[in-house]
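Here are some notes for a colleague, to be read with the coordinates open.

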There are 2 protein chains.
Amino acid sequence: MTKLWKITENSFDPRRLRHFETALTQGNGYLGTRATFEEHFPGEQRSTFVHGVFDDAPIVFSQLVNFPDWAQLDITLAGERFSLAEGQLLDYTRELDLRTGLLTRLVRWQSPGGRVSKLEFFRFASLKDQHLTCQRLLVTPENYSAEIKITSRLDAGTETIRYHHWHWLEQAVEGPAIWLRMQTAATKIEAALAQRVLFSGASQSEITMPDVVKMPSINLICQVETGQQIRYEKYSAIYTDRDCPDPKNEALKTLAQLTADPWEAQLQATTKAWQKEWDRCDVLIEGDHEAQLAIRFSIYHLLIAAPRHDERVNIGAKTLSGYGYHGHAFWDTEIFMLPLFTFTRPQIAKNLLSYRFHNLPGAREKAREGGFEGAQFPWESAGDGREVTPTWVPNPANRKELIRIWTGDIEIHISSDIAYAINQYWQLTGDDAFMARRGAEVILDTAKFWASRLEWNPQTSQYHLSDVIGPDEYHDHVDDNAFTNYLARWHLRKAVQIAAWLQAYSPEIASQLFSKLSINDQTFTDWDTIASQIFCPAVNDRGLIEQFTGYFDRTDVLTCDFDPRTESIQSLLGIEGANQSQILKQPDVIMLMYLLPELFDQATIQANYDYYTPRTDLTFGSSLGPSIQAIMATRLGSQADAYENFMRAARADLEDVRGNAADGIHGASAGGLWQAVVFGFGGLHIDGDSWHLQPHLPAHWKRLRFKFVWRGHEQVVDICAEEEKSCS
Amino acid sequence: MTKLWKITENSFDPRRLRHFETALTQGNGYLGTRATFEEHFPGEQRSTFVHGVFDDAPIVFSQLVNFPDWAQLDITLAGERFSLAEGQLLDYTRELDLRTGLLTRLVRWQSPGGRVSKLEFFRFASLKDQHLTCQRLLVTPENYSAEIKITSRLDAGTETIRYHHWHWLEQAVEGPAIWLRMQTAATKIEAALAQRVLFSGASQSEITMPDVVKMPSINLICQVETGQQIRYEKYSAIYTDRDCPDPKNEALKTLAQLTADPWEAQLQATTKAWQKEWDRCDVLIEGDHEAQLAIRFSIYHLLIAAPRHDERVNIGAKTLSGYGYHGHAFWDTEIFMLPLFTFTRPQIAKNLLSYRFHNLPGAREKAREGGFEGAQFPWESAGDGREVTPTWVPNPANRKELIRIWTGDIEIHISSDIAYAINQYWQLTGDDAFMARRGAEVILDTAKFWASRLEWNPQTSQYHLSDVIGPDEYHDHVDDNAFTNYLARWHLRKAVQIAAWLQAYSPEIASQLFSKLSINDQTFTDWDTIASQIFCPAVNDRGLIEQFTGYFDRTDVLTCDFDPRTESIQSLLGIEGANQSQILKQPDVIMLMYLLPELFDQATIQANYDYYTPRTDLTFGSSLGPSIQAIMATRLGSQADAYENFMRAARADLEDVRGNAADGIHGASAGGLWQAVVFGFGGLHIDGDSWHLQPHLPAHWKRLRFKFVWRGHEQVVDICAEEEKSCS
């Protein structure tokens, strides 16, 4: 069933250009490259991002920097430039093989001058050597013989959404390779790229390598006869000084180590590396082709964005596949994407959580700037872990009035989300060393933040959190958001437990850490007291938890009142209109019940699900909503709802149902989809020191099979529909 | 006395790199190019701007777009890249000849490898053909013989302060030339550049022209013997589709028309064109070398920024010589720079004033957006005449608080400044056709604006203008700024006179225009009434006019209280501190007395001069201040003060006394300097239908000679010191 492993584009539609650029993005956890055409196309959005290479930028403070495109080629056939924008397209197929990461494009093209050529493009980013990319082009002139020119280049002038981050440093032609050194303007990260070309199939050919400043190039000119096939291969190596002290030499070394005819060997090595990944991470679904392809598509996109050798980077909301959110990381990583890694690739989860540990200085700076103690993680985080949420963005309708973005100031639940993910990682892996050396410091210092942030109210004799934004961002500047308050309470109590555990596990580490953070046993007693005094809204007489104080007083409308629609309720009502209504951008109380299920009985969950669901914009609100909604539906036995929301998440980028896949993959939706299958339909749940299954497969699913790692040991779950039990 | 025509740099000091880049800028009224080194130098700020080629940009809305640098050269001598950042500089002289616009650089350089070479660079932008630039390089290896490589290129990746405006369109190698077509991203202005190279002097040489995409190049490789001199010349042509429908073909045509050995012919043609300019515009000062050089330097910089063939562009505050203010035009043009042109080059003045006429739609849009009638000119104006003053700019100290720039909202005196300049042009030239066809529409429609903007106060039975900024920008949000109110009154009265004149001059034009603007005789009667009811602060018991209501209540400090200092009073006191004090950024009441001298008697001028001068930051406040201050001092017989302020203006860019010459030439200071000489020391003034002289030469000046055009006829003024009368 290879088609359940392939994303295929059977005909070329320029209107879907940017959607497919995103969907067919390639990568290897080090770099990500959108599937733009080698030869360019008008309106394309080319990008190659390398993890951690951020630079300062106006308005958004910091952004991932676009690298020179390693796959670019200029092809001139008998004097006519090859471009799908001209001539006639006789055949077209493009296919991304999720099993190997190989992207193939087969084109038969008739030039404006009537010449027909067959062009076959192949390319991949090596998963074996993350600094290497490989591409191959086969060209066959069908009804002419002529001169063919192919040019490759390294372009130091590469821009990032019109912004120019690169300073050219140096370049040369050296042996069979060209190379280029550049540096980012403000962050001073040095990058080096090297490239070489192999060519065969023509009787006459000449390769020149003009050392044009800022654009070293490789030019091939050859004479090709009718029906003759030429083969052009290009190998590119990319390093930065985040990876090694001398990136240029490493890049040249990577190319020098290639064999004389490296294509097959490299493709095999990558295929093997991918096999290993899929062996650990694949989810098999029988009886539902669309679901099968969608889950693999989601896992693929998370795997190509997952840092394997770097613990100082995170995954941005749009992975490495587009310009959306500029590479900034949100809670999307810890709460939505991370479980896939925690359960199947714990080493990657550890890298991602270590990013937060390494960036504690930025979180401490943020807490201090706000007048608080400890560490407060930024809502948006980039290269160095400081807050990079835009504060003011241009208002397209009025040059004098900017729009204030408040999430960076008051969407404070992220510190608990990170603690939650660390605890989940610990629970799954039993990685005590990580918890002792890194996790505890994060959880305890963010607990310190909560203790200083919580507001004591003598009238109520309780702690409150006023002026916040919860997961549902349609409502800002609210008081006592249930999600935030419950998580803060959970956080303080977990911190006290972990402090006690650490004292038992290693008194020495505990003593060093407590001294570093200026905390002691009295602190933990205080935290316990504070936790018990946090106002966490109780279930009311209708069985409901109020999302925040006063939520039920807002205008009560349902999303169906606006049907049919093709945009979010917020764009229909306006920012203030949505704020004044009860419509949610995404589950909020329900999200709380997803993360802390032990606190709520089934009847409460049902009542809240029934109330909040028709008020949640699951189609055009947040892409984070549908997968969680699906999981909660499975827990309540609402299989139709579950599947509907599962499919919403499944189609976000595969079908572009939200209309914004062009900006990049919805990483949280992809991660949520895996959770919906494994925790929702699969019904996997962890209970203390053991795991359990309560499968709720959709009616038409015949089989669900997945693996995960439980305390260092691989577990295989294989559920067959008829008996809803293990098949094997 | 050729040295009084030359700006010379006798030794190279990297700390003054950007200052000299500005000071030695070349141009021809179409383009301006900073004097960056052909071979690049770290920390340089390269720019070539072409008038009118603006593109959208974040924060500043619109900015002049940097073009590929036509003068750039990569020079490799026996394998070593020529760069003043390496090796040893044995001799260095750079010289800009103001008479011809020729920039010469003589360098003897010892490479890190010990090779000594003599390099002589020459370049100019043709004043004969504004689309052509010419450069020549002579290289002589002194103690070695080896291969020399020289590369020229057209770089489509050229950035503008890190921002990337250019979309590459097309390029080719065609005959002996390379060419490149590009387009600005938002404004869609197409530019074409073409280049060709001539070479001689080596026994063996090869020129290749690699058609590298986005960077067509010309590579020369030659073998040179010790002591042998090679000659390399490059000719570049630049067109945009603002100039002609097919810029690429025009650029190629310009190059094709060059003779086989074009250097001498082109230099002669340009020298001749410059001679014609200097014959009209030169100011001769005998007895003061510094003043002589400074006035020529100022005139040179205004002449190279002055559009000769384009009436849809203006001159930005920093001319075409730097990134400061992004090419935006302010009142600096009409009040400070324009008199030089009005008096010596009326055709250029007409072009500049026509820019305002063509941009009336933008001014009408601004008035409408503010809720007013008629036309209100933008405080900052770029390509299309809409308001482009930044509204919010980043605050480097606090990411959450931006800085609001208010000048675009409330510095409203510019509409009168433009009317004033049109009237002055009319007075000097007697160009009735211009006034009837263009000037009147500007003056009448801006008068409509004033009539709607003025606020009737029934308590005072007067019209007021509250919440404005006058010329002195240290004080914002002030009420009844004397300068603004007096100018508005002058404006309304002048509009009534011009309406009457137009009805007499051409009843047909008058009727069409009045109907277009919906004004009639009743309107003019109303304007007269309104004008007589505008609150224009009278002289108080101390003989003073209060700059704005409540000014005298602000904290009274003097600038000398802060001596010695190296920064502005505003940076010492802070924005709010300066606002609360009586310190001025530049003359305001005194500026009013400069523009409308007929309203004030000598005693009043003296009293106000004596009061405001010690409160005006003439050293580090606005660069617009000193020249006006100098003129008013001459009128009051304060020759020492006059000369001191004259020298402040003279040294702004020549000596960089303000420390910001790197951002570009202070165009208003340069224009003010000419006014200080002609209207101040020369004492030229216009009185109705005749002109008069009241010279006040500085004691050490022996002679002052200048020309101007009075109603179409050239006038020569030649003042000798002894008798203070005409010399000839």
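1. In this predicted model, the contact between domain 1 and domain 3 of chain A involves 7 residues from domain 1 of chain A and 5 residues from domain 3 of chain A. On the domain 1 side that touches domain 3 of chain A, the residues comprise 4 nonpolar and 3 polar, with no charged residue among them.

2. As for how chain A is divided, domain 1 covers 2-277, domain 2 is made up of the segments 287-323, 336-344 and 641-728, and domain 3 runs over 345-537. Between the C-alpha centres of domain 1 and domain 3 of chain A the separation is 42 Å, a value to be read together with the contact of 7 and 5 residues described in the point above.

3. How is chain B placed relative to chain A? Chain B is superposed on chain A by a rotation of 180°, with 0.0 Å of shift along the axis and an RMSD of 0.0 Å, which means that the two chains are related as by a two-fold axis. The same surface serves both copies, since 100% of the contact residues of chain B recur in chain A.

4. Turning to the contact between the chains, 24 residues of chain B and 24 residues of chain A take part. When the side of chain B that touches chain A is sorted by class, 11 residues are nonpolar, 5 are polar and 8 are charged.

5. In chain A, an open sheet is formed by 5 strands in the order β8-β7-β13-β18-β17, with antiparallel pairing. The edges are held by β8 (80-81) and β17 (204-208) of chain A, and each has a single partner strand, so one side of each is left without a neighbour in the sheet.

6. Between β2(B) and strand β3 of chain B, residues 31-33, the pairing is antiparallel and extends over 2 bridges; at the level of residues, G27(B) finds its bridge partner in β3(B) at G32(B).

Note on methods
Residues are numbered from 1 along each chain as its sequence is written. Chains are lettered from A and ligands numbered from 1 in the order in which they are written. This is a predicted model: local features need pLDDT of at least 70, side-chain atom pairs count only at pLDDT 80 or more; totals for chains, interfaces and linings use all residues. Copies are superposed by least squares on the C-alpha atoms of residues with pLDDT of at least 70 in both. Two residues are in contact if their C-beta atoms, placed from the backbone, lie within 7 Å. Ala, Val, Leu, Ile, Met, Phe, Trp, Tyr, Cys and Pro count as nonpolar, Asp, Glu, Lys and Arg as charged, and the others, Gly among them, as polar. Two strands pair if DSSP finds at least two bridges between them. Helices (H or I, at least four residues) and strands (E, at least two) are DSSP runs, numbered from the N terminus. Domain bounds come from an automatic or database domain assignment.
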